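Colleague: Could you walk me through one spot in this model that I keep coming back to? I'd like the overall picture as well.

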Amino acid sequence: MMKSLPNPEELRLENQRMLWLRVYTDRVTHRLQTMSLDEPEAVSLLEQVKQEVLQRFPDKERAYCLIYERRFKRILQRRGLFLPLTIDNGEMN
């Protein structure tokens with residue numbers, strides 16, 4: 001059984017959402033690389049970012065943690081801030 005192709009409007013909307021995600025996370029990456037943040041400020045910023053992303057992609061929390069949280073925390077580690085990763089199924093990721 002063949003799947004039907006998404007209609008052009010669905011594709012356009014999904015492309016817009018993905019473009020927003022790419023631009024937004026690139027801006028966050030730039031902020032993390034250039035702003036002077038202490039640990040509470042970094043935690044607060046990352047929580048705001050997570051909430052914003054999950055508001056637009058509510059069923060993608062695991063993907064967010066695996067991709068973007070790790071990316072953001074690696075940047076902070078290079079700057080001397082070591083924040084724990086989200087625990088998934090009782091293990092640190």
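What percentage of the 93 residues of the protein chain count as buried? And where does Glu 69 lie?

Modeller: This is a predicted model, where local features need pLDDT of at least 70 and side-chain atom pairs 80 or more, while totals for chains, interfaces and linings use all residues. Numbering runs from 1 along each chain as its sequence is written, and side-chain values use heavy atoms, without hydrogens and water.

On your first point, 26% of the 93 residues are buried, meaning under 20% relative accessible area with a 1.4 Å probe, protein chains only. Three helices and two strands make up the secondary structure of the protein chain (DSSP runs of at least four residues for helices, H or I, and at least two for strands, E). Along the sequence they come in the order α-α-α-β-β. The radius of gyration (over C-alpha atoms) is 16 Å, well over the 12 Å from the globule rule (2.2 Å times the number of residues to the power 0.38), so the chain is more spread out than a compact globule. Along the principal axes, the C-alpha atoms fill a box of roughly 50 × 30 × 20 Å.

Now your spot: Glu 69 sits in helix H3, which covers residues 61–78. Glu 69 is buried, at a relative accessible area of 7%. Setting aside neighbours within four places in sequence, Glu 69 is in contact (heavy atoms within 4.5 Å) with Tyr 64, Leu 85 and Thr 86. Across the protein chain, if you take contacts between residues at least 6 apart in sequence, 60% join residues at least 24 apart.

Definitions and conventions: Buried means under 20% relative accessible area, exposed over 50%, partly exposed in between (1.4 Å probe, protein chains only).
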